[in-house]
Amino acid sequence: MSQTIQKNTPMLSVRNLVKHFPIRAGIFKRIVAWVKAVDGVDFDIYEGETLGLVGESGCGKTTIGMTLLGLYPPTDGSVYFNGEDITPYLLPGWKVRSYLKRTYIEKFKQLNHDEMEELPDELKHYAEVYFNDHKGDAGRFIRSFMENRKEKQKALRRKMQIVFQDPYSSLNPRMRIGNIIGEAVDVHRLASSKEERQKMVADILQKVGLYPEYAMRYPHEFSGGQRQRIGIARALILNPKLVVADEAVSALDVSIRSQILNLMEDLQKEFQLTYLFISHDLSVIKHISDRVAVMYLGKIVEIAPKKKLFERPLHPYTVSLMSAIPIPDPEHKKKRVILKGDVPSPINPPSGCRFHPRCPIAREICSREEPPLQEVEEGQKVACFFAGEMS
Amino acid sequence: MDKEYKRMLKKFFKNPSGVFGLVLLIFFTIVAIFAPIIAPPQPSNQYEPYMMPIVTWSPDPQPPSKEHPFGVSERRDIFYGVVWGTRTAFRIGLIVTGVSTLIGLFIGSISAYYGGWIDEILMRITDIFLSIPFLIAAIVLTTLLGTGLDKVMIAMIVFGWMGTARLIRGNILQAKEEQYVLAAKAIGVSTPGIIIRHLLPNTIFPVLIQASMRMGSLVITAAILSFLGLGAPQGYSDWGAILNYARNWMLGAHGEALKYWYTIVFPGTAMVLFVLAWNLIGDTLRDIFDPRLRI
């Protein structure tokens, strides 16, 4: 279904997203190093699709999800939601000014009015706002982002929600289910009365396959699968457009896993949801995704429609991942690509292509230059100089 | 009532020392509430019922008698002082513990939640307060403010919040990594909302236990200050003050070491039992809330 929609403008665009975590040491808490959890990531999510984000643990998948929701402020880069730059609302207030200066104002100041047409789309929109709405006044431009910041952040939270990995730690053990789910209703003042709030909670509980009576119970009275349903209900009561599912089924039993996956698919149809589905489990990703992005050490190495990626992966890392999927057929002799060594530390990633120390087809250029994420086939972007050589 | 709380109450009442502590506490509460009936103030000091009446002009202590069941010390009726001193003990304990716990909760939770520089500054301030010996600090402060029970209480509050702040900080540092906190942030719950609704309910029990333990020890501290002459004014019903009167009689008379035993035993027993009650309750609460002991 995503094929037809994909031509439209993306719902969520991520451009050069960077998230570095400082490592502090000593009495003065000096920053001694940076963990480059996410180091320059670009991708788009289109309305109604499910983008699977796959990679081994520690590659930065979860960090991307958290950053998109504003739970971690991004170090660099921009995030656009329906074409609007939402980065100022993800950053802490005191960083907004420098972000806007760096991203927009400095570029616009050197710009002649007739050069506007040549700007990339994202910049063009704000160039118009800057020159037409604010008459080139940087202060007014910045203020327009700072005004009603809290309300705008809240509005954004209604559009983007997250389902967490661990069904045991993601529900406050001292709150009743009704309050866990209903808290969002209170914060966003979605209900005008107690009865309405109760009804909203009951409705959403039914939608995720639980009884409305459960609202009076505490989290410890539920199983892992039920708790994950509650987590989904909490995200959906705000009626979001985009849901980030951060390893939403990884902690569950295999039998429960398919139930929750099916529930998520049903809900996607019912609420017209768009998913960013983060998982390390290829079979889950294969089941639910329309397109898949493969991450390695803070970078996206390949992004493609699911079918293409699973049939003919082009990046050597993806090839080795695919070869690790077990095939339940004893007669089938498959060529396994076993990588040598371990994932390098994200504190000090390898030069050039981050995969080159482990890559079976690495050559001299790979350690020198970083391969850009380029469209190799239609809809299939790969960050490798020798894409397709191993497939 | 709630299942969880029912279970906790049940556990509390299964614990004999907890029940004993509770009984003691109820006894003290009754004494405090009915003090005007148990030891009615004389018409002469009706407007200052906390002042122990002067019952004799002889400076020597008088042993317990029908009129003065706990005896007389420094011309004042010990029984009256012990009964009305219960009120003083509760007042010191509740106010000092309450206010210092609130201050500690505020500083500790802000410090832990925001982290970074705020944490660093607040914790160093805490360290400074911790590094000052409490008694000396209290003496200096009461010298500055003047003596009196309220001044003693201020000194105890000013130098009594650090333990709570550290305790809650540690607990919140642990709890704030839980995913339900992230989920609340993702929903858009405000920072005070996250601290009050999510973090404190999951971290406050150790603080409550600590507070109940401290309630008792604070009364001892107040008594120490009174004993040093910093606390209550002359004649005020306060266990520590009554002990202070006994200073001259502690060693007894020539050849009779225990002659004036009643000047110490009655107020001392009251104090020991009061502290014991709070400690037993605190211990029992810890047993109940400690998840490692939960079956």
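Predicted model: local features only at pLDDT ≥ 70, side-chain atom pairs only at ≥ 80, totals over all residues.

Visitor: What share of the residues of chain B reach a pLDDT of 70 or more?
Guide: The mean pLDDT of chain B is 85. The share of its residues that reach 70 or more is 96%.

Visitor: Why does the radius of gyration of chain A agree with that of a compact globule, and what is its value?
Guide: The radius of gyration is taken over C-alpha atoms, and the globule rule is 2.2 Å times the number of residues to the power 0.38. For 391 residues a compact globule would have a value near 21 Å, so chain A agrees with its radius of gyration of 22 Å.

Visitor: How many strands does chain A have?
Guide: Helices (H or I, at least four residues) and strands (E, at least two) are DSSP runs, numbered from the N terminus. In chain B there are 13 helices and 2 strands. Chain A has 15 helices, and its strands number 12.

Visitor: What percentage of the residues of chain A are buried?
Guide: A residue is buried if 20 or more other C-beta atoms lie within 10 Å of its own, exposed if 12 or fewer, and partly exposed in between, with C-beta atoms placed from the backbone. In chain B, 43% of the 295 residues are buried. For the 391 residues of chain A, the buried percentage is 41%.

Visitor: Why is strand E3 of chain A largely enclosed, and how many of its residues are buried?
Guide: One side of E3(A) carries A:Thr50, A:Gly52 and A:Val54, the other A:Leu51 and A:Leu53, and all are buried. The strand, residues 50–54, is largely enclosed by the rest of the structure because its buried residues number 5 of the 5.

Visitor: Which residue of E8(A) stands opposite A:Leu51?
Guide: Two strands pair if DSSP finds at least two bridges between them. E3(A) and E8(A) (residues 274–279) pair in the parallel sense over 5 bridges. Another parallel neighbour of E3(A) is E9(A) (residues 291–296), joined to E3(A) by 4 bridges, and there A:Leu51 stands opposite A:Arg291. In E8(A), the residue opposite A:Leu51 is A:Leu276.

Visitor: Which strands are at the edges of the open sheet in chain A?
Guide: This open sheet of 4 strands has antiparallel pairing and the order E2-E1-E4-E5. Within the sheet, E1(A) (residues 12–25) and E4(A) (residues 76–81) share 5 bridges, with A:Ser13 opposite A:Tyr80. The strands that pair on one side only are E2 (30–45) and E5 (84–85) of chain A.

Visitor: Which residue with positive phi follows H2(A)?
Guide: Helix H2 of chain A, residues 61–68, is mostly covered, with 8 of its 8 residues buried. Among them are A:Lys61, A:Ile64 and A:Met66. The helix is followed by a residue whose phi is near 80 degrees, A:Gly70.

Visitor: How many residues does chain B give to the contact?
Guide: Two residues are in contact if their C-beta atoms, placed from the backbone, lie within 7 Å. Chain A gives 20 residues, and helix H7 (149–159), strand E6 (160–163) and helix H8 (177–187) of chain A each give two or more. The number from chain B is 13.

Note on methods: Residues numbered from 1 in each chain as written. Chains lettered and ligands numbered in written order. pLDDT = per-residue confidence, 0-100.
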